[in-house]
Amino acid sequence: MSLVIIKIGGSTIDTPGLIQEFAQSVGDICYDYRPAIVHGGGKDIARQLDSLKKEYSFVEGMRVTDAETIKVVQMVLSGDVNKRIVNELLLERVPAVGISGVDGGLLTVSKMLVNGQDIGFVGEIKNINTDVLTALFEYSFIPVISPVSRGKDGEFYNVNADLAASKLAMVYEAEDLIFISDVPGVMIDGAVRKTIRVSEIEGLIASGDITGGMIPKLRSAAEAVQKGVGRVHICGWNGSDTLLNELTEENSTGTVIQE
Ligand SMILES: Nc1ncnc2c1ncn2[C@@H]1O[C@H](COP(=O)(O)OP(=O)(O)OP(=O)(O)O)[C@@H](O)[C@H]1O
Ligand SMILES: [Mg+2]
């Protein structure tokens, strides 16, 4: 069965009813494909930080993460968000197991510098213990992965979920990598671009056409395409047929990243 890495963003998790639809959609594909799910949770983290009156900022779409923030990120992502997704999948009889980058040493990271700048406990993936997902797959469990990870220094690090999804897709040689976001695709001049070439991406960032969270998403999509992941799509949520359509149709409803 071909492996599919599905990354879902904070708003899919946050919009009422969408996690349930997502769970149904995973249920529909899991007899023909082997999915692994990586989730973000930007909206939930923001809400929690706001309630604590904790200010936050981003550098090139990456969250600046101090010692207090990483605690909140881990609680929200590896706790609440991860278990909400697992619960919805189990309700749809999908045998989901929730883990984070920490568990089994799935992801080991070192501190990431963004443009040479130290932005705190933000990790760059250095090592993947592939046994972790292989063991789950062997018993047909569907992994649901929170990207919070650990460093060799024993600290916890926040890892952008898009980067984690693309690294996992590369290492496990996934056939498909699907990023589900809160936009219908990559928008350029007000319309969804059906295809974007890897060679265009840095130019579109420099020109300001691509900003915020779309920056790490496109950079990680580009890396995945270059490292042999079969198809890389960025799309919105279009109801419970979304995953099946992205996997079986010739084109994406959103954007396909091409070499
Ligand atoms: N050219 C662009 N086309 C589409 N979206 C863009 C573009 N440039 C910037 N964006 C922003 O990128 C956002 C998507 O990235 P964001 O990190 O916010 O969400 P996500 O990655 O889907 O979820 P999470 O970060 O919670 O995992 C969009 O909501 C939009 O505001
Ligand atoms: Mg994001």
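In helix 6, the buried residues are Ala 161, Asp 162, Leu 163, Ala 164, Ala 165, Ser 166, Leu 168, Ala 169 and Met 170. Colleagues, please bear in mind throughout that the structure shown here is a predicted model. That list accounts for nine of the eleven residues of helix 6, so the helix is largely enclosed by the rest of the structure.

Let me remain with this helix and consider its two ends. At its start, a side-chain oxygen of Asn 160 comes to within 2.8 Å of the backbone nitrogen of Asp 162. After the helix comes Glu 173, with a positive phi near 50 degrees.

Is Asn 158 buried or exposed? Its relative accessibility is 9%, and therefore Asn 158 counts as buried, the limit being under 20%. Asn 158 also stands 9.0 Å from Glu 124, C-alpha to C-alpha, although 34 residues separate the two in sequence.

I turn now to the ligand. Ligand 1 sits in the largest pocket. Which residues come nearest to ligand 1? Of the 19 residues around it, they are Lys 7, Ser 181, Asp 182, Met 187 and Lys 217. Sorted by class, the shell around ligand 1 comprises five nonpolar, nine polar and five charged residues.

For Ser 181, an N or O atom of the side chain is 2.7 Å from an oxygen atom of ligand 1. For Asp 182, a side-chain N or O atom likewise lies 2.7 Å from an oxygen atom of ligand 1. The backbone contributes as well: a polar backbone atom of Thr 211 is 3.2 Å from a nitrogen atom of ligand 1. How much of the ligand surface does the protein bury? Taken alone, ligand 1 exposes 640 Å², and the protein buries 76% of that.

The next region is strand 15, residues 231-235, which contains His 233. With a relative accessible area of 2%, His 233 is buried.

Gly 236 belongs to the loop between strand 15 and helix 9, the latter spanning residues 242-248. Gly 236 is buried too, at a relative accessible area of 6%. Gly 236 and Glu 138 are 98 residues apart in sequence, and their C-alpha atoms are 31 Å apart in space.

Most residues other than glycine have a negative phi. Against that background, Glu 60 has a positive phi of about 50 degrees although it is not a glycine. Where is Glu 60 found? It occupies the loop between strand 3, residues 58-59, and strand 4, residues 62-63. Its relative accessible area is 26%, so Glu 60 is partly exposed.

Ser 140 is a further non-glycine residue with a positive phi, in this case near 60 degrees. Ser 140 lies in the loop between helix 5, residues 131-138, and strand 8, residues 142-146. Why is Ser 140 described as partly exposed? Because its relative accessible area is 49%, and the exposed class requires over 50%.

Notes: Residues numbered from 1 in each chain as written. Chains lettered and ligands numbered in written order. Predicted model: local features only at pLDDT ≥ 70, side-chain atom pairs only at ≥ 80, totals over all residues. Heavy atoms only, no water. Near = heavy atom within 4 Å. Polar contact = N/O pair within 3.5 Å; in protein donor to acceptor, adjacent residues only side chain to side chain. Areas by Shrake-Rupley, 256 points an atom, 1.4 Å probe, with all protein chains shown as cover. 1 Å grid on protein atoms, 1.4 Å probe; cavity = no way out; pocket = protein on both sides within 12 Å on 5 of 7 lines; lining within 4 Å. Sits in = over half its atoms within 2 Å of the grid points. Nonpolar A, V, L, I, M, F, W, Y, C, P; charged D, E, K, R; others polar. Helix = DSSP H or I, 4+ residues; strand = E, 2+ residues; numbered from the N terminus. Buried < 20%, exposed > 50% of the residue type's maximum accessible area, 1.4 Å probe, protein only.
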